[in-house]
Amino acid sequence: SIDYSIFFDYYIDPDQAKQALSRVLTKTPIIGGVWRQINDEQIGIEHRHPRIPFIHAQSNVAPSADVDDADKANYFTKYTNGANKRMPFPDGQHVFKITLTHYPKPSTTTTNNHNGDDDDSTDGWHTLIAVGCSHALCDAEALFTLLRGWAAEYRGVGNEYSAPEFSRHRLMVAPETLKRFDADSVVLGKHFGRTLLRNAWFFLSLWPARRWRPRNWIWTKSQINALKQTALNGRAGAQLKAIGRLSGNDVLLALHWKLNAVLNNAYEMHRPILCTMVINTRQWIPQRFPPKSAHYFGNALAFLVLHEQRGRLIEMDFSEIVLRIRQTVMRLTPQNFEDDLHLYSHWLAQNPIRYRQCFQGKWNVCGDGDAYGGYWHSYYVHDRDMMVSNLMKLNTHEMDMGRGHPSRVRFNHRDEPTMMTYIFKYPSADKNVGERYEF
């Protein structure tokens, strides 16, 4: 379950927002469904009578996105009814929720009621929309496509977007066609020799008392280019120049991975730090998705696991880590993702629903030689491991609700058992400044 908080520097009429959301529901009814457990092996989303819980609230205190206010009552994560926290799938609960909160502009004192009908007009108010959804239902690309559709309906130009398709039949693998995976199988960096070990990882994980607090890093294009130049000037610079292509995601991921190792240098040097890169599979196996894949309302993610000893990461030059990431991505083929799909289907066929989250929460990795002391089972540990999802190609701030796009988008990962870091694309009003990236 994921919460997104979207800030607007103007008033959004809640009644109009609900009416627009109703029109979206008629086009994509699955977002108004509830979880249904069919049997021990199957779950479904019942959307015969689509409905989205919509809460409208008003606060006299502006929500803060400052990480130093994380323990205060006005921190932005408190302004949401949240997605479903029970895992893996709460039977009978809605898969999508909306909370719309009006709050006064900074340094503005007002007694405005929730309709904005009094002495200080609606111009004195900002809006926070909190979206709670399950990422078993959709990935970020599908979600933000849907939110842009909601904004289009609100502005009365709903014909600007097409209704996304949400059929999963292309991703289904028939049981009789499932491959057998032996103990030595490695798929996308994951070693699944003993995947039938069943553990509730989200109870065993070290949370919420973890040392890493969510941080917001804002990068300009010039700063990202400086990181690229640093990599090109490093020990592996010649090899990177020969490759010829270096993405912003490569350098930001490498920096985050190395910082994780350096800032946790008091722990064992021989233990691996996992860096799980979340990859959108639409471009790798397009035949598995509708022809207009950008309008697919579903989940198209695969997890590429990079793992290296903490001590080795500390010793490695920044450019060498960038090279490691770039070469790993370049070696990927469509067959890797087909194998991952078959392996996941193989897992689902052998595990009841209550164990499904084990697949996502427990990687079994095998190091080179005896690097990790032999075969090594990994649970996520919050002060060691990390997951990075690259949303830089998604314009998450493109959701015009009548008077402009959001001023800020935040992903609520403080109250979730996850190490996910989301890299957002942030449009700058000043084109000379360039785009910024928020962590």
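Modeller: A salt bridge is counted where a side-chain nitrogen of Lys or Arg lies within 4 Å of a carboxyl oxygen of Asp or Glu. This is a predicted model, in which local features need pLDDT of at least 70, side-chain atom pairs count only at pLDDT 80 or more, and totals for chains, interfaces and linings use all residues. Residues are numbered from 1 along each chain as its sequence is written, and side-chain values use heavy atoms, with hydrogens and water left out.

Colleague: What makes Asp69 and Lys72 a salt bridge?

Modeller: Their closest N and O atoms are 3.1 Å apart, and the limit is 4 Å; the pair therefore qualifies.

Colleague: Why is Asp69 called buried, and why is Lys72 called partly exposed?

Modeller: Buried means under 20% relative accessible area, exposed over 50%, and partly exposed in between (1.4 Å probe, protein chains only). Asp69 has 15% and is therefore buried, whereas Lys72, at 46%, is partly exposed.

Colleague: How do you know that Glu46 and Arg36 tie together separate parts of the chain?

Modeller: They form a salt bridge with the closest N and O atoms 3.0 Å apart. Glu46 lies in strand S3 (residues 43-46) and Arg36 in strand S2 (residues 34-37), so the pair links parts that are 10 residues apart in sequence. Strands are DSSP runs of E with at least two residues, and helices are runs of H or I with at least four, numbered from the N terminus. Glu46, at 26%, is partly exposed, as is Arg36 at 35%.

Colleague: What does the salt bridge between Glu141 and Arg282 join?

Modeller: Here the N to O distance is 3.6 Å. Glu141 belongs to helix H2 (residues 140-154) and Arg282 to the loop between strand S10 (272-280) and strand S11 (301-309), so the pair ties together parts 141 residues apart in sequence. Both Glu141 and Arg282 are buried. Elsewhere, salt bridges that share partners join Arg23, Lys27 and Glu153 into one network.

Colleague: How do you know that the span of helix H4 agrees with expectation?

Modeller: The expected span is 1.5 Å times one less than the number of residues. For the 12 residues of H4 (residues 221-232) this gives 16 Å, and the end C-alpha atoms are 16 Å apart, so the two agree.

Colleague: Why are the buried residues of H4 said to line one face?

Modeller: The buried residues of H4 are Ile224, Leu227 and Ala231. Seen down the axis, they fall within an arc of 55°, so they line one face of the helix; the arc is that of the directions from the helix axis to the C-beta atoms.
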